[in-house]
Amino acid sequence: GLITLLMRAFEILVPGGEVYDKNLSYVMSFFTYGYFGIIYQWIKYDFDETPEQVKKHIDGAIFSAMGK
């Protein structure tokens, strides 16, 4: 049940309401579930890295996607 609880918490943290910009909606979902995926993997790996190391993974993924 922990994974479901975390997913619901992520969904609550995303700004609610009707999103009229479809592209913004897709981008928000991409980052929300991407962050969740990274945290989920961190849990599966039994928190074997510090939060700072996990942040570096997130930053690296974002910068790679941006082509930097």
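This is a predicted model: local features need pLDDT of at least 70, side-chain atom pairs count only at pLDDT 80 or more; totals for chains, interfaces and linings use all residues.

Student: Okay, how do the axes of H1 and H2 cross?

Tutor: H1 covers residues 2-13, and its axis comes within 10 Å of the H2 axis, with a crossing at roughly 150°. Angles over 145 degrees count as roughly antiparallel, so that's the word for H1 and H2.

Student: Is that crossing left-handed or right-handed?

Tutor: Right-handed.

Student: And which residues make the contact?

Tutor: From H1 you've got Ile3, Leu6, Met7, Phe10 and Glu11. H2 brings Thr32, Tyr33, Tyr35, Phe36, Ile39, Tyr40 and Ile43.

Student: What classes do those residues of H1 and H2 fall into?

Tutor: 10 are nonpolar, one is polar and one is charged.

Student: Switching topic: where do H2 and H3 sit in the chain, and how do they cross?

Tutor: H2 is residues 22-44 and H3 is residues 51-65. Their axes come within 11 Å and cross at roughly 140°.

Student: Why isn't that pair called antiparallel too?

Tutor: The roughly antiparallel label needs an angle over 145 degrees, so at roughly 140° H2 is oblique to H3.

Student: Got it. What's the handedness of H2 passing H3?

Tutor: That crossing is right-handed.

Student: Who touches whom there?

Tutor: On the H2 side it's Phe31, Tyr35, Ile38 and Trp42, and they meet Pro51, Val54, Ile58 and Ile62 of H3. By class, that contact has eight nonpolar residues, with no polar and no charged ones.

Note on methods:
Residues are numbered from 1 along each chain as its sequence is written. Side-chain values use heavy atoms; hydrogens and water are left out. Axes are lines fitted to C-alpha atoms, for helices over the stretch in contact, and angles run from 0 to 180 degrees between N-to-C directions. Helices (H or I, at least four residues) and strands (E, at least two) are DSSP runs, numbered from the N terminus. Angles under 35 degrees count as roughly parallel, over 145 as roughly antiparallel, 65 to 115 as roughly perpendicular and the rest as oblique. A crossing is left-handed if the near helix is turned anticlockwise from the far one by less than a right angle, and right-handed if clockwise. Contact means heavy atoms within 4.5 Å. Ala, Val, Leu, Ile, Met, Phe, Trp, Tyr, Cys and Pro count as nonpolar, Asp, Glu, Lys and Arg as charged, and the others, Gly among them, as polar.
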